[in-house]
Amino acid sequence: MTETDEKAGPPVTLVEPIDMSKLNRDFRREIQSMPDGDELSACFACSTCTAACPIANQWKYKPHQLIRMILLGMREEVLTSREIWECLTCFQCQERCPQNVRVTDILFDCKNLAAEEGHVPENILGLAKELLE
């Protein structure tokens, strides 16, 4: 069998497909209802926020991807991601956003939601315990 005779399989993808049944349609509205979420839908994924972020190259999900994940309703993935906890809150992403999406503030809101649901990384809990002692 030659190379051209092989049957074509599914196309190779660089990212995992999104399981549409796991999307939470209310997550976008939940974030938008928060004081800093009103411009969330204005994001058009230009990735200016990612270009401005000093640590985005260390993240699996870049800032513009996290915003897109919120818009899609990927609640579990966002609230359990390490990126929301590693944000430096330098506001570079937010300052440069051409659509005035409050990226840093939205990530902070996600952090609060994650904490309310018990999705706080162990190293953050350990640090908090040390500070309280």
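This is a predicted model: local features need pLDDT of at least 70, side-chain atom pairs count only at pLDDT 80 or more; totals for chains, interfaces and linings use all residues.
# Close-up views of the helical model

View A. Residues are numbered from 1 along each chain as its sequence is written, and side-chain values use heavy atoms, leaving out hydrogens and water. T104 belongs to helix 7; helices are DSSP runs of H or I with at least four residues, strands are runs of E with at least two, and both are numbered from the N terminus. Skipping residues up to four places away in sequence, T104 touches C87, T89, F91, C93 and Q94, where contact means heavy atoms within 4.5 Å.

**View B. Q94 is another buried residue, with a relative accessible area of 11%.** You'll find Q94 in helix 6, which covers residues 92-96. Leaving aside residues up to four places away in sequence, V101, R102, V103, T104 and D105 are what Q94 touches.

**View C. The loop between helix 5 and helix 6 holds T89 and F91, each with a positive phi.** For T89, a residue other than glycine, phi is near 50°. F91 isn't a glycine either, and its phi is about 65°. Both side chains get some solvent: T89 is partly exposed at 35% relative accessible area, and F91 is partly exposed at 32%.

**View D. Helix 3 (residues 63-72) is largely enclosed by the rest of the structure, because 7 of its 10 residues are buried.** Those buried residues are P63, H64, L66, I67, M69, I70 and L71. Their cover includes helix 1 (25-32), helix 2 (48-52), helix 4 (75-79), helix 5 (83-86) and helix 7 (103-116). Just past the end of helix 3, G73 adopts a positive phi of about 95°.

**View E. Helix 1 packs on helix 7 at an angle of about 115°, with the axes 10 Å apart.** The axes are lines fitted to C-alpha atoms, for helices over the stretch in contact, and angles run from 0 to 180 degrees between N-to-C directions. F27, E30 and I31 of helix 1 meet I106, C110 and L113 of helix 7 here. By class, that makes 5 nonpolar, no polar and 1 charged; Ala, Val, Leu, Ile, Met, Phe, Trp, Tyr, Cys and Pro count as nonpolar, Asp, Glu, Lys and Arg as charged, and the others, Gly among them, as polar.

**View F. There are 6 salt bridges in the structure.** A salt bridge is a side-chain nitrogen of Lys or Arg within 4 Å of a carboxyl oxygen of Asp or Glu. One of them pairs D26 with R29 at 2.8 Å, N to O; these two are 3 residues apart in helix 1, so about one helical turn separates them. D26 is partly exposed, at 47% relative accessibility. Another joins R102 and D36 at 3.1 Å, N to O. Since R102 lies in the loop between helix 6 and helix 7 and D36 in the loop between helix 1 and helix 2, this pair ties together parts that are 66 residues apart in sequence. E86 and R82 also form a salt bridge, at 2.6 Å, N to O.

How values were computed. Buried means under 20% relative accessible area, exposed over 50%, partly exposed in between (1.4 Å probe, protein chains only).
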